[in-house]
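Good morning, and thank you for the time on the agenda.

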Amino acid sequence: MPRSYDIAQARIYGSASVGVYLVANDEYVLIPKDSPDKVEKVVEEVLKAKAIRATVANSPLLGVFIVMNNHGLLLPSVVREDEVEAIRRVLGDLNIGIIPTKYTALANLILYNNRRALASSIIEREYLKMIGDVMGVEVEVKDLRGLYVNGALAVANDNGVLASPELGDEDIEFLKSFFNIKVNVGTVNRGISIVRSGLVANNKGAIVGELTTGFEMMRITETLG
């Protein structure tokens, strides 16, 4: 692991909700097809990953639709065949799976790193094996805070989990046990508790919304670095 953990603020389409547009692993970061060159430059420098321009269902909301770690990538049923082929051409040997669930915002439903995945209870059970096989992870089903949006309420890498302050002590203890890494509570963009909305991270760095405060950035670095 690198000794330093880079972090930078960004804005996409005038929005500080960078987490809804970006998704990254340690080698690639998927960015909206019409992202400005300066966005491509900052994500490549900070995440130390190659920027790939893509869409899902002709939408730029890659951070909502796509789940990706170092082993594989999961796409929702609304993705077009040409979009899948375009992604497949540039992502090398990564496993690619399309989950035919009716729930398309996959990144809101699955909290994951390169070893474990915590899936929402609304994902149909017949797709859990696909999640585990494509991503190369152990999968468990549990809803944090009794909600369905595990992936929106926390961000994980192989070093730690940044969890929403909306989660209770029982949820925090579960995350510590399940992922077996450090777990801290934090926010993004001046107190936003849906942390995934303003944060995308891999094991090398993190991109946060430009409204994120110095204190929030310190907590993210302390947790994920």
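Two residues are in contact here if they have heavy atoms within 4.5 Å, and a residue is buried if its relative accessible area is under 20%. Please bear in mind that this is a predicted model.

With these terms I turn to helix α8, which comprises residues 214-224. Which residues of α8 are buried? They are E216, M217, I220, T223 and L224. Because their arc around the axis is only 130 degrees, these residues lie on the same side of α8. F215 and M218, on the other side, are exposed. The buried residues of α8 pack against the strands β1 (6-10), β11 (154-156), β12 (160-163), β13 (182-185), β14 (199-201) and β15 (205-209).

My second topic is an open sheet. Its three strands are arranged in the order β8-β9-β10, with mixed pairing. The edges are formed by β8, residues 110-112, and β10, residues 138-141, each of which pairs on one side only. On average, and ignoring direction, neighbouring strands in this sheet are turned by 20 degrees against each other. How do β9 and β10 run, parallel or antiparallel? Strand β9, residues 116-119, runs parallel to β10, and four bridges join the two. Within this pair of strands, R116 stands opposite E138 of β10.

Helix α5, residues 128-135, packs on the sheet and touches β8, β9 and β10. The direction of α5 makes about 150 degrees with that of β10. The buried residues of α5 are L128, I131, G132, V134 and M135. Besides β8, β9 and β10, they pack against β5 (67-68), β6 (72-76) and β7 (95-99). After α5 comes G136, with a positive phi near 65 degrees. A further helix, α7 (residues 169-179), lies across β8, β9 and β10 and runs at about 145 degrees to β9.

Finally, the chain as a whole. Its secondary structure amounts to eight helices and 15 strands. The radius of gyration is 16 Å, close to the 17 Å given by the globule rule for 225 residues, so the chain is as compact as a globular protein of that length. The C-alpha trace spans about 40 × 40 × 30 Å along its principal axes. Of the 225 residues, 57% count as buried. Among contacts between residues at least 6 apart in sequence, 58% join residues at least 24 apart. The accessible surface comes to about 9,600 Å², and carbon and sulfur atoms account for 49% of it.

Key. Residues are numbered from 1 along each chain as its sequence is written. This is a predicted model: local features need pLDDT of at least 70, side-chain atom pairs count only at pLDDT 80 or more; totals for chains, interfaces and linings use all residues. Side-chain values use heavy atoms; hydrogens and water are left out. Two strands pair if DSSP finds at least two bridges between them. Axes are lines fitted to C-alpha atoms, for helices over the stretch in contact, and angles run from 0 to 180 degrees between N-to-C directions. Buried means under 20% relative accessible area, exposed over 50%, partly exposed in between (1.4 Å probe, protein chains only). The arc is that of the directions from the helix axis to the C-beta atoms. The radius of gyration is taken over C-alpha atoms; the globule rule is 2.2 Å times the number of residues to the power 0.38. Accessible areas come from the Shrake-Rupley method with a 1.4 Å probe; for residues, only the protein chains shown count as cover.
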